[in-house]
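Hi,

Here's the structure I promised to pass on.

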Amino acid sequence: MQDSTKRQSAVEGVFGRRAGFLASVFGGATGGPDQLASTEFQSGGGSRSDSARLAGPSDEPGAGVGSAGAAADGNGGGGDGPEPDGHDPAVAALGRAAELTHHRTATVRAEQQRLAALLARLALPVSAMDFESQRRSYEPRPYPDGPSAAPGVREPSWSDFAPSEPLADDPEATGTSRLLDSGYQRELAQARLAYQRARRQWRSEQATATDPAEAAARVAHEEGEQARARAVREYNDSLEECRRAYLEAEPAAVESLLERALAAAEAATPELPAACRAVFRPLTRTAVLDLDLPPLDLVPSLDGYRLTDEGEISPVPRPPADREADYLRVVARLALRALQAADAVDTDGVLAGVVLNGWLRESGAGCLLTVDADRDALARTRLVAAAEPAEDESEPGVYAAAEQDEALVRLRELGAAISPDPYAGVAVRPCATAGAAVPAVADLSPGEFAALVREVLTRGGLRDWSVRLRGHSGLVATGTGAPGSALPGRWVICASRRPGQVGAAEVRTLAEAVAEESAGHGLWLSTGGFTEEALDLIDTAEFRRIHLADGAGFRALAETHLGLPLATGTR
């Protein structure tokens with residue numbers, strides 16, 4: 001205990017005398033700790049001027065620092081005390097450790113600031129990559145005139161050779177009488193001969209003065225310019241062809257345009273690669289995007305370093321909740337940016353919706369984020385303001401609380417499912433997978449399935465569609481059919497794609513919903529089938545207003561009203 005107190009007093013004394021030096025170090029020294037240790041904290045052999053500068057003046061008795069102390073001691077300092085120049089090796093080691101701790105902490109803080117800047121850039125709106133913005137134009141450039149063009153020698157002009165007309169003695173003489181003058185006619189003939197000779201000579205001189213190499217360069221330049229202009233015209237023609245295919249909802253054209261827009265958005269942050277692939281389903285006019293999420297070590301795991309009482313450098317880890325929240329902020333902004341790119345490029349309204357899945361490929365973590373956004377929801381993906389760091393940066397988390405982060409709030413408003421703990425590998429169930437372009441009903445997202453059911457029944461005569469409940473298993477909706485249509489009156493619709501058959505209890509529930517909604521009929525669409533009890537139930541008078549359609553009936557409706565070879569099934 002006494003040795004520890006003595007050591008602490010020595011450290012405080014030395015650090016107090018060297019406050020100016022430490023202030024310069026902790027104020028932003030650029031040299032590394034090893035360099036400073038070799039020059040400032042050397043244990044011996046230093047000059048007397050260096051020792052005096054490091055130690056500084058002191059009025060404490062028995063300090064043993066400087067030439068005055070050495071002279072008073074008489075033996076230059078001996079035994080187990082400080083060295084002759086007043087330098088304690090333990091204090092020097094402690095100073096090196098403190099400086100190294102400071103530099104390591106500054107490095108961690110710089111990583112956190114880079115992450116904050118990245119989050120701010122990810123919140124910026126993306127540029128539209130539609131067909132109009134991709135059109136090109138090119139005007140051929142003229143060949144620059146060289147020195148052989150002889151700009152000082154111009155082509156002869158007739159005005160330089162034409163004789164002056166004769167003056168008539170009679171003021172009343174006409175122009176015709178002047179032209180009949182024989183002398184004037186001779187001069188005119190000689191002038192024409194001179195003009196023709198001059199033109200022939202000028203053309204001969206121009207042909208002789210032209211450099212063959214320059215003439216070849218001129219021809220090559222003109223051919224190159226015409227080739228460039230022709231390439232631009234061909235590109236614009238191909239762009240128009242792609243636009244025609246896009247308007248006709250051809251999968252290859254839609255996917256090409258979407259991936260081009262997604263690649264342009266990714267290029268805005270080259271230090272954060274996040275590839276995104278697109279699959280378009282013409283069945284539901286929905287694009288399924290697979291987004292590769294960045295690795296988990298993108299977010300700093302440390303808040304800094306500290307010096308322990310034993311003089312050791314110890315890392316200070318960030319709270320796990322703060323690190324998880326920062327990673328989810330990055331993921332949310334990447335997802336919103338991809339949705340914004342898809343919305344910005346679809347100026348012709350070909351897409352009815354977008355399903356986005358965020359996949360963490362490393363260690364097989366799986367899907368960490370999934371969102372099923374329809375056309376109207378895509379317009380609500382743009383952030384209104386960039387995220388700003390919290391005012392108190394001394395706290396472990398330098399950003400706003402995750403519950404208040406605008407990107408995460410915006411995704412949750414869209415009904416997105418987000419992993420609660422990405423570092424523990426907690427995955428979520430994707431709304432849909434980017435498999436075949438013509439998937440089975442069981443492979444559709446909840447939004448796609450609802451849109452398909454609505455399209456089938458709307459074509460059958462149902463109007464005023466209103467979805468009351470929607471999920472992976474199916475939906476509940478209401479609609480009204482016009483008199484004389486195939487579905488007249490008010491209806492309650494239940495559409496399911498659950499595994500197993502629909503039983504009598506579900507049919508009774510539908511009948512109760514019909515009574516509560518004051519509807520005239522109820523329809524249960526199932527991609528599977530119904531139990532015998534459910535089929536017997538609708539034969540009774542009480543349930544005569546309930547209609548059932550199994551997978552075969554669903555396929556028949558889709559074939560009749562949409563012309564689609566629908567494949568039904570259950571998840």
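Predicted model: local features only at pLDDT ≥ 70, side-chain atom pairs only at ≥ 80, totals over all residues.

Now helix 16 itself. It runs over residues 504–516, so 13 residues in total, and at 1.5 Å a residue it should span 18 Å. The C-alpha atoms at its ends are 19 Å apart, which agrees.

Which residues of helix 16 are buried? They are Ala 504, Val 507, Leu 510, Ala 511 and Val 514. Because these cover an arc of only 115 degrees around the axis, they sit on the same side of helix 16. Look at the other side of the helix and you'll find Ala 505 and Glu 516, which are exposed. As for what the buried residues pack against, the partners are strand 10 (489–496), strand 11 (521–526), helix 17 (532–537) and strand 12 (546–549).

The other spot to look at is a pair of helices. The axes of helix 10 (residues 212–247) and helix 11 (residues 251–266) come within 8 Å and cross at roughly 115 degrees. Angles of 65 to 115 count as roughly perpendicular, so that is how helix 10 and helix 11 lie to each other.

Where do they meet? Helix 10 brings Tyr 235, Leu 239, Cys 242, Ala 245 and Tyr 246, while helix 11 brings Ala 253, Val 254, Leu 257 and Arg 260. Sorted by class, this contact has 8 nonpolar residues, 1 charged and no polar ones.

Cheers

Note on methods. Residues numbered from 1 in each chain as written. Heavy atoms only, no water. Helix = DSSP H or I, 4+ residues; strand = E, 2+ residues; numbered from the N terminus. Expected span 1.5 Å × (residues − 1). Buried < 20%, exposed > 50% of the residue type's maximum accessible area, 1.4 Å probe, protein only. Arc of directions from axis to C-beta. Contact = heavy atoms within 4.5 Å. Axes fitted to C-alpha atoms, helices over the stretch in contact; angles between N-to-C directions. Parallel < 35°, antiparallel > 145°, perpendicular 65-115°, else oblique. Nonpolar A, V, L, I, M, F, W, Y, C, P; charged D, E, K, R; others polar.
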